[in-house]
Amino acid sequence: MSIDFFGQSSLEIDVSHGYVARNPRAPRLASPQLIVNDSSGSMLRTLREELKRCTSFTFSVAFVSPRAIALLKQELVEFEGQGRIVTSDYLGFNSPHAFSELHNLRSMGIDVRLHNETAFHPKGYLFEHDDRMTAIVGSSNLTASALLSNHEWNLRVSSGHQSDLTGQLSQVITQQVAESAPLTQEWIDEYAALYEAPEQRPRRARVPRTQRIAQPIESLADMGPADPADPVVAERRASSIERAVAARIEADARVVPNAMQSEALRAIAAMRSEGKRRAVVISATGTGKTILSALDVRAVQPQRMLFVVHREQILDRAIKEFQRVLGAPETDFGKLSGTSRQLDRRYVFATIQSLSRPDALAALHPEAFDYVLVDEVHRAGAASYSKVLGHFIPEFLLGMTATPERTDGFNVFELFDYNVPYEIRLNRALEADMLAPFHYYGVADVQFEDGSSTDDATQLTKLASSERVRHIVQAIERYGQAGIPVRGLMFCSRKDEARALSDELNRFAVRGKQLRTVAMTGEDSIERREAVVEQLERGELDYILTVDIFNEGVDIPSLNQVIMLRQTQSAIVFVQQLGRGLRKAPGKEYLVVIDFIGNYTNNFLVPIALFGDDSLNRESVRQHLISAEEIGVIAGLSSVRFDRIAQERVLRSLAQTQLDSTRRLRQAIETLRNRLGHLPALRDFLRFESADPVVLATHSGNYPALLERLVKEPTGLTPSQLRMLTFLSAEGLGSKRVDELLLLRSLLARDDRSVAELAPVLAARSYSTPERHVRSAVRVLSLGFSTESEQKKYQAGVVELRADDSIALTAQFADSYRDSIAFRTAVDDLIDTGLAMVPQRYAAETPFTPGRQYSRKDAVRLLQWPKNSSSTVYGYKVDRATKSCPIFVTMHKSDEIAASTAYEDALLDPSTMLWYSKSKRTLSSPDVSAIVANDVDLHVFAKKDDADGSDFYYLGVAHAARPEQTTMPGSDGKQLNVVRLHLEFERPIEAGVFDYFQPALT
């Protein structure tokens, strides 16, 4: 049990903090806590924290869902203590699939037990720690919605091992174990044979509180909660539900658009009303592009329509969906493909191969169709598409694609006059529940006997070795769904690898069942591919191993597992392969993705693809990883988890990669240029969530200079104007506050203003001392804050502070802004972009935003120090004038660091850091005494190691506590004075950030 400086244990401090009086010194690891699912935390987050820190656990829960187990799978896989889960078959809520997932946990050493009580309904989670027992009791069962989204109340409490509460809890556990039996496969088989799922009732619609009025008992909204486990309510509701369903069917038997489709239909109609004759819809795979297009055709009611696809398999499915939506007779639908040549029908569905033949086009008048639809239109750069689209002159042309960005030089947007009425990418589609959620597991690829793992140059003999196959099978048994037939795709790096792995996998079994796999490559015919896909869907195969042939154009709704056995070469391809399994299907709860991560140079692309992060900003990618850890899930109820080694490999690749390389910057510019039809401004990158404007504006000094360098677009600016733009890009757009930009905009509107006149402009940012902020911004914009080398680089600022305390633009800047259109456009773009971007990223009411990264220069500027003295901030520096002290900590010191500066700083818990002063310091040293007395505001920044770059994560405001004079060895072996103390944070460090600095945890 840890003892603090005053002789109290951390448990005693936390208990006192929670039950008697608040104590800022409390570690808050064992204090009582009300757990609710909101933006600040969730039951899932809390369970993950406890599982990482406890020595044993017991879950006693009535209801369990497979998705909840999937969300906790990584913690359960890595758990090394004793684990136990007690549940039951109460009310038949737990499906056979759930029991199979629970039974599979037994292979990980977790004791899963079935209670014999007929009305078993607890919701308790117990965790043993070295110094305490922690219990979480409340309303949450072990289901995904209860852990993440439902309105739940759960109370976490802790008690010492000798306490009465721990005794009571231990007694309950002992009793439950005695009244339960181990879950067996035989019991699950018997349960599955007799199982009938509880009837799912419609959820009650949310009604504003002011609109809630008494309703007749027959109303669906007043028939009780939508709890599928309440048979009494179910019986009472049955007749009302039947009547409601019958009325709905009678009212509208047609296909009704969902919310997203309705939004898209309105946007497409609006473009037509503006006279636009062509448009392209961007919609993620599985979101119902075909249904959307059929609904638009139903709205337009064209005399004749042509639907163009690239494969006959897609053609047949499209005809069926259009028939269902349009409700037209079969005789209205014709097909042009292979031997079918029904060109005289109202609705013609054609493959591009058949339609592009000269005889087919000759038989069709250019104005034969007033509505033309092109599916997978990103393929339209091919000669066959050019021939077809050049032939027809429809009233309206609609293209549909999930991946409009191309690497082959073809511009999809140009083909459609840059008209994009509607766009829904993967993350938004997941949030809208249009796709099946996925659970991604980044798993370290095999470590061979020689200590190596897979990399860019691994030979086939190793890729398909029994050693690697055993590793793959073990991961499938751990992470793959249990109790349901697998429908899987494995993506390999090479054709020979796919064939060899398939042969080897077929010698292995998963959970006692022999694997059935087939390798497919581009050498296989379309007919062969379709036959194999049908085998997979019928359950005659477990996996198809392939390279890239199933990236797109293949629809396997029942697919529930995707395995990546190759390095990620392209974020676009990664999303395409992931998307193969995201279509919803009856009985499909979620998709499992197992990504085997070797020592690949391109591992950094994995988080970029998963989070759709095109920023080219390393901080942004890391932030997404931290956020996924913090919240527990990403878009919708999908999750992303890495084992420790895989995460280390991804982060190492990210640290070693130059994301803002010339090639990537040029590609980002060209991609957005294709989208817009002209060179993008900085604010366009922000609007389309593309490359980070700060990266673009500072990479080559300023954005016009970057355009001139990469796309040969002349700047039209003089050297002095370019210098001023470079200055504003770094010190204005990159300042991580809006002060300089607001001040500049105000002066451009009316030059020559006093500090008092400008103060209200910044007061709107909730600044308590706006005049101080004005003077700080003026120092930056006038070069008063800059170092000598910076002043030499920029030569002149853009504003000046006059003797009468008035502020004005410099003559050079004012004249350039007035006389040069190119300069004025670039300055306005900088200001507009920054004023839109900064509030999205940084809090206004505090100098720093927890979890964001800052350099030493950022810190001293935002603390309003008069000069850029960041080069003198060695670890920390006290500034008496501003009563502030930024503290910078590198958690993992380089081996090259001198012994006299190799401090053993450490995060003890989310509320406490063990910290050392500089060497040769005592408690009476001026800087230390100011810190120990808390005479200055302590702002703590940290980075994991030097690979993180020059920026540090802001952890928060701290108070010094428990100072102690001690010593540390110097370079010559002599002991040096140093002060050790605890930095206690005003608010606990964000969980995701804390875990980022704890490699033993994540």
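Predicted model: local features only at pLDDT ≥ 70, side-chain atom pairs only at ≥ 80, totals over all residues.
At the start of α23, which side-chain oxygen reaches to the backbone nitrogen of Glu619? The side-chain oxygen belongs to Asn617, and the two atoms lie within 2.9 Å of each other. Residues are numbered from 1 along each chain as its sequence is written, and side-chain values use heavy atoms, with hydrogens and water left out.

Let us stay with helix α23 for a moment. Helices (H or I, at least four residues) and strands (E, at least two) are DSSP runs, numbered from the N terminus. Helix α23 covers residues 618–631, and at 1.5 Å a residue its 14 residues should span 20 Å, which agrees with the 20 Å between its end C-alpha atoms; the expected span is 1.5 Å times one less than the number of residues. Just after α23, Gly632 takes a positive phi of about 100°.

Positive phi values also turn up away from glycine. Glu376, a residue other than glycine, has a phi near 45°; Glu376 sits in the loop between β14 (371–374) and α14 (383–391) and is buried, with a relative accessible area of 13%. Arg962 has a phi near 55° and is found in strand β34 (residues 952–969). At 14% relative accessibility, Arg962 counts as buried.

Next, the aromatic rings. The structure holds 37 aromatic pairs, where rings of Phe, Tyr and Trp (its six-membered ring) pair if their centres lie within 6.5 Å, with planes under 30 degrees apart counted as stacked, over 60 as edge-to-face and the rest as tilted. Phe99 and Trp187 have ring centres 4.9 Å apart and planes at 75°, so this pair is edge-to-face. The pair links distant parts of the chain, 88 residues apart, with Phe99 in helix α4 (residues 96–105) and Trp187 in helix α7 (residues 185–194). Phe99 is buried at 0% relative accessible area, while Trp187, at 22%, counts as partly exposed. The rings of Tyr842 and Tyr854 have their centres 6.0 Å apart and their planes at 55°, so that pair is tilted. Tyr842 lies in the loop between α35 (821–841) and β29 (853–854) and Tyr854 in strand β29, so the pair ties together parts 12 residues apart in sequence.

On a 1 Å grid over the protein atoms alone, a cavity is a set of points where a 1.4 Å probe fits but cannot get out, and lining residues have an atom within 4 Å of a point. A search of the whole structure finds six cavities of 30 Å³ or more, a volume being the space filled by probe spheres set on the points. The largest holds about 50 Å³, and among its lining residues are Met260, Gln261, Tyr422 and Met434. Helix α9 (residues 259–273) gives the most to this lining, with three residues.

Key:
Polar contact = N/O pair within 3.5 Å; in protein donor to acceptor, adjacent residues only side chain to side chain. 1 Å grid on protein atoms, 1.4 Å probe; cavity = no way out; pocket = protein on both sides within 12 Å on 5 of 7 lines; lining within 4 Å. Buried < 20%, exposed > 50% of the residue type's maximum accessible area, 1.4 Å probe, protein only.
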